[in-house]
Amino acid sequence: MFGRRKEEKPAEKQPEIKEYIRGAGGSIVSKSILNGTSRLKWLFRQESEHGNGWVAFGDTDTQEYVDDAKNMTIVDFNTLANIEPTVLNVFYMPIGSDLEFRCDKTGKYFVDTRTGKEIREPVKHPAQIAFEKNLKFLNQETYPAEFFEMLFIKNRKTQAIQAGEADFPTGEVVLADPIAYLGGRYETILDRKIPVGRYPVELSVCRSRIVGLRIAAARLLLGSGTAIRYEIAMPKGKKREDLGKPGVWTFFGVDTGLACFTDMQISEEYRRYFESWEEQNPGKNKYIDYFAALFQKSYEADPEFQNQAGNFLEWRLPESGKKLVLFSSGMGDGVYSGYWGIDAEGEITCLTVPFINPKYF
């Protein structure tokens, strides 16, 4: 009897925490909410170097209670969401948000204590809001000259850099996704030709608090004059009068997050080269197995203006040595249009492709 060990009670299994938002970060939550002695009542977001800035108080918390640091603790925001999932609706609200949680016969929701506005639906991520605004902004018939110039003037968000040079042995301009469409049927050949030559490719680098470093625009510098107006670049065989007609579009598609300006002759050489490369490298990927390492070297040579995977690359075709510049396209995949910059004498000064409007980001 005395030699027998008392049977131990099995440990109580802790409920699994569901991860609603990956990388949500830490939030300050009163222990009364966590131990169930109070229900969520107040939620506000403050500037914080650590965590996401959200702070939650319960309905029984007094000022004396929350002033005692021992009654507050830091937990992953998902822990709070497992207790009250309605907080997911407001996760993306900005610093300074001050909210009251309510639960009545109409449901569960938050009220902005400063405006009185009820928040019953999920608030979109700032990047999603910016993306949707940008999508509506793109591919218009034209924009003020000031918009295009602003893209390449150094300010707190944007800075222009020269990414390399591009060759145009025939002057017939192609806009395309170099990985998905260059050398194929879905590249866009422009109606207007440029003088044969080699031209600088300039990029507008945007440093956004919302989406990080992005290429806001790219332009091919064709002359020294100052553009006073911009015209949308029409595809071969189409004129501006054809805009709006069935089957007439001005944009080119991007499906791999990369774009380029190039020449029709170079496009054909590019196609032949990679047809041969793919025959010699069955099952391999043109970007992963060929270009990725080159983009990485480009990043290492110029890390100040690129993300780690590389945002631009000046590349020479192995056969002819002709130059081509590949660059990332703003927020990535989408459809984009080119615009001819025209000076006071009617001469073409540049060809610009805007990807994002920096004011949204």
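So, Gln-162: you'll find this one in strand β8, which covers residues 158-168. Keep in mind that we're looking at a predicted model. Is Gln-162 buried or exposed? Its relative accessibility is 51%, and the cut-off for exposed is over 50%, so Gln-162 counts as exposed. If we skip the neighbours within four places in sequence, Gln-162 is in contact with Pro-200, Val-201 and Glu-202.

Now look across to Ile-21. From C-alpha to C-alpha, Gln-162 and Ile-21 are 39 Å apart in space, and they're 141 residues apart in sequence.

Okay, on to the inside. In soluble globular proteins, nonpolar side chains tend to be buried together. Here, the largest nonpolar core has 54 residues. Which of them touch the most other members? That would be Leu-203, Leu-220, Phe-261, Phe-327, Leu-351 and Phe-355. The element that gives the most to this core is strand β12, residues 212-221, with six residues.

Let's zoom in on Leu-351. Not counting residues up to four places away in sequence, Leu-351 touches a whole list of residues, including Val-173, Leu-190, Leu-220, Phe-261 and Trp-340. And remember Ile-21? That residue belongs to a second, separate core of 20 residues, along with Val-29, Leu-80 and Phe-110, among others.

Val-335 sits in strand β18, residues 334-337. With a relative accessible area of 35%, Val-335 is partly exposed.

Methods:
Residues are numbered from 1 along each chain as its sequence is written. This is a predicted model: local features need pLDDT of at least 70, side-chain atom pairs count only at pLDDT 80 or more; totals for chains, interfaces and linings use all residues. Side-chain values use heavy atoms; hydrogens and water are left out. Helices (H or I, at least four residues) and strands (E, at least two) are DSSP runs, numbered from the N terminus. Buried means under 20% relative accessible area, exposed over 50%, partly exposed in between (1.4 Å probe, protein chains only). A nonpolar core is a set of buried Ala, Val, Leu, Ile, Met, Phe, Trp, Tyr and Cys residues joined through side-chain atoms within 4.5 Å. Contact means heavy atoms within 4.5 Å.
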